[in-house]
Amino acid sequence: QKGVSREDIACAMEKCYETESETEAIRRLCQKKHFSAEDSSDAEKQKMYSYLVRKGFHSEEVRKILNV
């Protein structure tokens with residue numbers, strides 16, 4: 001079986017984001033990428049959404065922050 005188990009991913013995410021919530025981490029990455037949900041087109045929001053989900057963030061949290 002290829003890949004990483006869901007349990008290992010969840011454990012790694014918890015360790016990485018112990019000091020900050022997932023929401024704060026998403027906002028920090030958006031800032032780092034100079035992304036503003038208010039000033040972005042739908043295409044730009046979709047691109048950032050895809051990026052964040054690929055990074056391992058929960059889609060519900062990403063949608064909440066990006067106002068998608």
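Which helix does tyrosine 49 lie in? Tyrosine 49 lies in helix α3.

## The model and its confidence

This is a predicted model, where local features need pLDDT of at least 70, side-chain atom pairs count only at pLDDT 80 or more, and totals for chains, interfaces and linings use all residues. Residues are numbered from 1 along each chain as its sequence is written, and side-chain values use heavy atoms, with hydrogens and water left out.

The pLDDT is the predictor's confidence in each residue, from 0 to 100. The protein chain averages 88, and 94% of its residues score at least 70. Helix α1 (residues 6-16) has the lowest confidence, with a mean of 81. Helix α3 (residues 42-54) has the highest, at 94. Helices here are DSSP runs (H or I, at least four residues), numbered from the N terminus.

## The nonpolar core

A nonpolar core is a set of buried Ala, Val, Leu, Ile, Met, Phe, Trp, Tyr and Cys residues joined through side-chain atoms within 4.5 Å. Buried means under 20% relative accessible area, exposed over 50%, and partly exposed in between (1.4 Å probe, protein chains only). The largest core has 15 residues. Those touching the most other members are Ile26, Cys30, Met48, Leu52, Phe57, Val62 and Leu66. Helices α2 (22-32), α3 and α4 (59-66) each supply at least two residues of this core. In soluble globular proteins, nonpolar side chains tend to be buried together.

Contact means heavy atoms within 4.5 Å. Leaving out residues up to four places away in sequence, leucine 52 touches Ile26, Leu29, Cys30, Phe57, Val62 and Leu66. Tyrosine 49 is buried, at 15% relative accessible area.

## Cysteines and rings

A disulfide is a pair of cysteine sulfur atoms within 2.5 Å. By this rule, the count is 0. Cysteine 11 is partly exposed, at 37% relative accessible area. Cysteine 30 is buried, at 6%.

Lysine 33 has its charged end over the ring of tyrosine 51, 4.7 Å from the ring's centre. The rule asks for NZ of Lys or CZ of Arg within 6 Å of the ring centre and within 35 degrees of the ring normal.

Histidine 34 is in the loop between α2 and α3. Histidine 34 counts as exposed, at 76% relative accessibility. Its phi is positive, about 55°, although histidine 34 is not a glycine. Most residues other than glycine have a negative phi.
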